[in-house]
Amino acid sequence: MLKVVIDPKISRFQVLKLFDSAGIRFDSFDPSPIIHSSNFPVELISCSLLSKTPAFAIYDEMSRFGISSLRVVRHLNIDDGDIALMVPSDAKYKGIEWFRDKVVATPYPALLAAFFSEHSVRAEVISSSSGILSEYPLADAYCLKTHCNASNLNMKIVEIVSHSDCVVASYGNFSVSDQVIADDFIFRLDAALSARDKKLVHMFIPIRFADVVEREIRSIYPFVSRSDFFEHAKFEFVADESWFWDVIDHFKSLGASEIYLSNIASYIP
């Protein structure tokens with residue numbers, strides 16, 4: 001059984017959505033700290049990574065300070081905001097020196113302490129959960145994810161402390177059986193991540209232009225399905241969505257019709 005630990009500071013919804021795309025099913029409505037997949041030998045644990053106990057982990061890169069034994073395996077790009085310093089909206093902020101001798105509350109104390117040290121600013125950093133405004137109302141400032149609406153909190157963002165990067169990381173050595181499961185786990189995640197920017201393209205091209213279009217597509221995407229009919233040829237292929245929008249006008253000029261794009265959950269080249 002593979003143990004996957006999710007840092008509670010990242011979006012559980014986004015993680016479960018990625019797993020679902022990879023064909024790994026969990027009950028997304030189960031609030032338990034430990035849940036089991038219904039179709040894959042893995043259990044999902046929501047807890048702090050500082051215990052250093054997971055065989056496998058998904059965590060926010062910003063939590064990695066002091067956990068040097070964790071090895072980054074994949075970058076997921078699923079997190080929801082950079083980490084920023086916020087001060088009261090009416091503060092006369094003129095630079096980072098404003099924070100000298102101030103009290104700053106944050107769920108990312110190690111990261112913020114390192115940031116202040118790099119800028120030679122001495123401030124008191126208080127470790128807290130993401131609900132810090134209610135827990136520490138007397139703090140002078142806060143360090144939060146930028147997805148928090150600063151204006152609604154009567155705060156303003158003044159400094160980006162670090163860009164957020166959600167990753168998969170491993171810890172320790174796997175048994176032979178767990179290594180097999182881990183390899184399959186990563187293979188499935190890679191397939192889901194590869195599908196993010198791709199679409200299954202369907203379109204009809206007049207038969208007189210079909211050979212030209214097929215050569216153009218195959219020069220970029222070699223795996224193309226073509227079915228010839230009396231007046232048209234039907235093409236189906238997987239392509240990067242950005243590429244398709246760049247060439248759609250060209251295909252339309254050749255008479256392309258009945259064009260539609262389909263989402264794909266996973267892509268295995």
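Visitor: So a salt bridge is a side-chain nitrogen of Lys or Arg within 4 Å of a carboxyl oxygen of Asp or Glu. How many salt bridges does a search of the whole structure find?

Guide: The search turns up 12 salt bridges. Keep in mind that this is a predicted model, where local features need pLDDT of at least 70 and side-chain atom pairs count only at pLDDT 80 or more, while totals for chains, interfaces and linings use all residues. Residues are numbered from 1 along each chain as its sequence is written, and side-chain values use heavy atoms, with hydrogens and water left out.

Visitor: Okay, show me one. What does Arg-188 form a salt bridge with?

Guide: Its partner is Asp-184, and the closest N and O atoms are 3.5 Å apart. Arg-188 and Asp-184 are 4 residues apart in helix H4 (residues 176–194), so about one helical turn separates them. (Helices, H or I of at least four residues, and strands, E of at least two, are DSSP runs numbered from the N terminus.)

Visitor: Which parts of the chain does the Lys-198 and Asp-240 pair link?

Guide: Those two side chains meet in a salt bridge of 2.8 Å, N to O. The pair links distant parts of the chain, with Lys-198 in strand S12 and Asp-240 in strand S14, 42 residues apart. Lys-198 is buried at 16% relative accessible area, while Asp-240 is partly exposed at 27%.

Visitor: And what about Lys-199? Where is that one found?

Guide: Lys-199 is also in strand S12. Lys-199 is buried yet has no salt bridge. The nearest side chain of opposite charge is Glu-241, 4.2 Å away. (Lys and Arg count as positive, Asp and Glu as negative; His and the chain ends are not counted.)

Visitor: Which residues is Lys-199 in contact with, leaving aside its neighbours within four places in sequence?

Guide: Phe-237, Val-238, Ala-239, Glu-241, Leu-261, Ser-262 and Asn-263 are its contacts. (Contact means heavy atoms within 4.5 Å.)

Visitor: Switching topic: which residues of helix H5 are buried?

Guide: In H5, which covers residues 210–218, the buried ones are Ala-210, Val-213, Glu-214 and Ile-217. Looking down the axis of H5, they fall within an arc of 100°, so they line one face of the helix. (The arc is that of the directions from the helix axis to the C-beta atoms.)

Visitor: What covers the buried residues of H5?

Guide: The cover includes strand S12 (198–206), strand S13 (224–228), strand S14 (232–240) and helix H6 (241–253).

Visitor: You said Glu-214 is buried. Which residue does Glu-214 meet in a salt bridge?

Guide: Arg-226, at 2.5 Å from N to O. Glu-214 lies in helix H5 and Arg-226 in strand S13, so the pair ties together parts that are 12 residues apart in sequence. Glu-214 has a relative accessible area of 17%, which makes it buried, whereas Arg-226 is partly exposed at 24%. Both belong to a network of salt bridges that links Asp-211, Glu-214, Arg-218, Arg-226 and Asp-228.

Visitor: Now rings! How many aromatic pairs does a search of the whole structure find?

Guide: There are 13 aromatic pairs. (Rings of Phe, Tyr and Trp, the last by its six-membered ring, pair if their centres lie within 6.5 Å; planes under 30 degrees apart are stacked, over 60 edge-to-face and the rest tilted.) Take Phe-19 and Phe-26: their ring centres are 5.7 Å apart and the planes are at 35°, so the pair is tilted. Phe-19 is buried, with 0% relative accessible area, and Phe-26 is buried with 15%.

Visitor: Which residues form one aromatic cluster?

Guide: Tyr-93, Trp-98, Phe-99, Phe-115 and Phe-116 do.

Visitor: Last bit, the big picture. How many helices and strands are there in the protein chain?

Guide: The chain has 6 helices and 15 strands. Of its 269 residues, 42% are buried. Among contacts between residues at least 6 apart in sequence, 68% join residues at least 24 apart.

Conventions
Buried means under 20% relative accessible area, exposed over 50%, partly exposed in between (1.4 Å probe, protein chains only).
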